[in-house]
Amino acid sequence: SPPSPTGGLILAPRSASSLACFGMPFDAQRCGSMMSLMVMIPVVILASATAFASATTHGRSAFVPSSQRQQHNAVHRSIAASSFTSTTARSGRIATLRRPSPPTLLRSTLNEHREDIFLLSIDGTLVSSNRSRSWMAVRAALKVWPNLRSNMVALGIDPTIFDGEERIAANSMDHDDADESSYEWLLQKLSALASITQQGNSADAMLGCDAVLLVRVLLEEQMLDGGRSNGRGGKYGGKFHPSSSNALLADDNDGGERSKVGSRPLTVGELYANWHELRDVTRTRYPFVEEGSDGKMKRKDPLPEIRECLKEQFRDGQSEVIVPSWQSLAHDVLFDYQGESIGLRQNAVLLLGHDAQIPLALRSLYSLGYHLDVDSDLEVPDYGNTARSGDEKSMKVAVSTADGVARRRPTNGLLLAAPDAEREETHSAMIRRIIAELDDATQKDIRRNIFVIHSSLEVLKECKSFLTEDAPMLSHGLRTCYPPHTKSSVTLCLPKWADNIHPTQRNDGEMDPWLNLISEEQLLELISARIVTQASLA
């Protein structure tokens, strides 16, 4: 019969003794044989799967010779006789199906000692440094570009406020609320953009060079605005725009470049989204100008000068204006409260963004009310530590690079780690060396759990490169990586409470399979957990 136009089944007359299946005619007897074969194949597969499951349950006894199977069953019967006191048939049958566990498994688990170590970035995680870093950025910008002083005067800001601690200390009583409100909008806008100025992996990013370039952008666009946005009300305008009483009004802007009609200063969101392009344009358009040996003015890249100005301010650790404030959980992270005694935790390592930040970090620790006993592998400038009084508590502090972390951890004190400036070491490279040094110093019966809590998303993403390529495993609700050929596990965490993280960065961290978003309660729960041994319970 002719094939079906739709490819269906056609029954021909019996005299034709043929069957057309899907338009392809063949012999009926052969078709019946193939149908029988198709029915048998699932039966064979099901029988094989049943035999395999039985072999797995009964110790693979289904695939061994009969002599070995009898010997295997005899072993199971002897184990059942020695393990069970009941003589019922049911208990005996259950015993014959149970394989003995290796006797060394339980012993190795009990003898294995686990140690938790926490690598915590100071900025964002332990201290809130947005306002202090913004203040330092304004001071550095005035040194790199002295002509900004005239812009600040035109905007109603007294530039001498940022000249240094001496000027502030001498006039601290003279500054009223009006003086503070004149520059408050600038500090608030810089602080709101800390998610771009304090994010990065390089030494310049950790130092805060982008914040200085941002100061120039904010002051220039406010001058171009000509005062039209001054005195704006509302939640945004009143926070990120100058007040009309202190700033330059549009009618007073007689000189200088004026913005076109319809233009306005960029919002915080616009600056965040376009900062990479704006940073390069600002760096090119506003160079550092200095007089050469021949008396001619030379235009240079402002970045080296910005870098040196920030280092100078960080080393000037005695200035109370730039000392950041501690987060609310910092005391519980640093100190271990056991009854009436208070001691430093031995499982925390504080990570500095740059070695120039050592004096400021020590000054912040000194503000907690302790005399610091510092032992450092690096040069430490004066940070204002006075002589210890009779009743003053003392705090031991060790400062080193990644190479000295494993060596200095046994000391009863707080450990600070800074990147190696000679190697121009990035933060992720420093973390990698710390993990490697700790793993080399780990004893055979100790397995370390290393938690990296860092407020820079870029640093955490760069840390993924030296961890295993396999997806992390869940351990206590956290995604944990197990690098090959090591005795350590690594957990990368982005702190939820850090004020230098943008909401989009939190979303990126939450969606990344290698990263964890951690709350204050989770961190305190992890860092204060204690392993109680059987000897301590006796």
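What volume does the second largest cavity have? About 100 Å³. The views below place it in a predicted model, where local features need pLDDT of at least 70, side-chain atom pairs count only at pLDDT 80 or more, and totals for chains, interfaces and linings use all residues. Residues are numbered from 1 along each chain as its sequence is written, and side-chain values use heavy atoms, without hydrogens and water.

**View 1. The whole chain.** The secondary structure comes to 23 helices and 19 strands. Both are DSSP runs numbered from the N terminus: helices are H or I with at least four residues, strands are E with at least two. Of the 538 residues, 43% count as buried. Buried means under 20% relative accessible area, exposed over 50%, and partly exposed in between (1.4 Å probe, protein chains only). Contacts are heavy atoms within 4.5 Å. Among contacts with a separation of 6 or more, 66% join residues 24 or more positions apart.

View 2. The whole structure holds 3 cavities of 30 Å³ or more. On a 1 Å grid over the protein atoms alone, a cavity is a set of points where a 1.4 Å probe fits but cannot get out; a pocket is an open set with protein on both sides within 12 Å along at least five of seven lines; lining residues have an atom within 4 Å of a point. Points are joined across faces, edges and corners, and volume is the space filled by probe spheres set on them. The second largest cavity is lined by 14 residues, with Arg133, Ser134, Thr197, Gln198 and Ala211 nearest its centre. Helix 5 gives the most, with 5 residues. By class, the lining has 7 nonpolar, 6 polar and 1 charged residues. Ala, Val, Leu, Ile, Met, Phe, Trp, Tyr, Cys and Pro count as nonpolar, Asp, Glu, Lys and Arg as charged, and the others, Gly among them, as polar.

**View 3. The largest cavity.** About 260 Å³ of space lies here. Of its 26 lining residues, Ile122, Asp123, Val127, Arg133 and Gln357 are closest to the centre. Helix 10, strand 11 (348-351) and helix 17 (358-366) give two or more residues each. Helix 17 gives the most, with 4. The lining has 14 nonpolar, 10 polar and 2 charged residues.

**View 4. The second largest pocket.** Its space is about 460 Å³. The lining has 22 residues, and Ile196, Gln199, His276, Arg279 and Glu458 lie nearest the centre. Helix 14 gives the most, with 5 residues. By class, 8 are nonpolar, 7 polar and 7 charged.

**View 5. Trp145 and Arg216.** Beyond four places in sequence, Trp145 touches residues including Val212, Arg216, Tyr286 and Ile306. Arg216 lies in helix 11. Arg216 is buried because its relative accessible area is 5%. Its side chain makes a polar contact with the side chain of Glu220 (2.9 Å). Such a contact is a pair of N or O atoms within 3.5 Å; within protein, one must be able to donate a hydrogen and the other to accept it, and residues adjacent in sequence count only if both atoms are side-chain atoms. Leaving aside neighbours within four places, Arg216 is in contact with Trp145, Asn147, Leu148, Thr282 and Tyr286.
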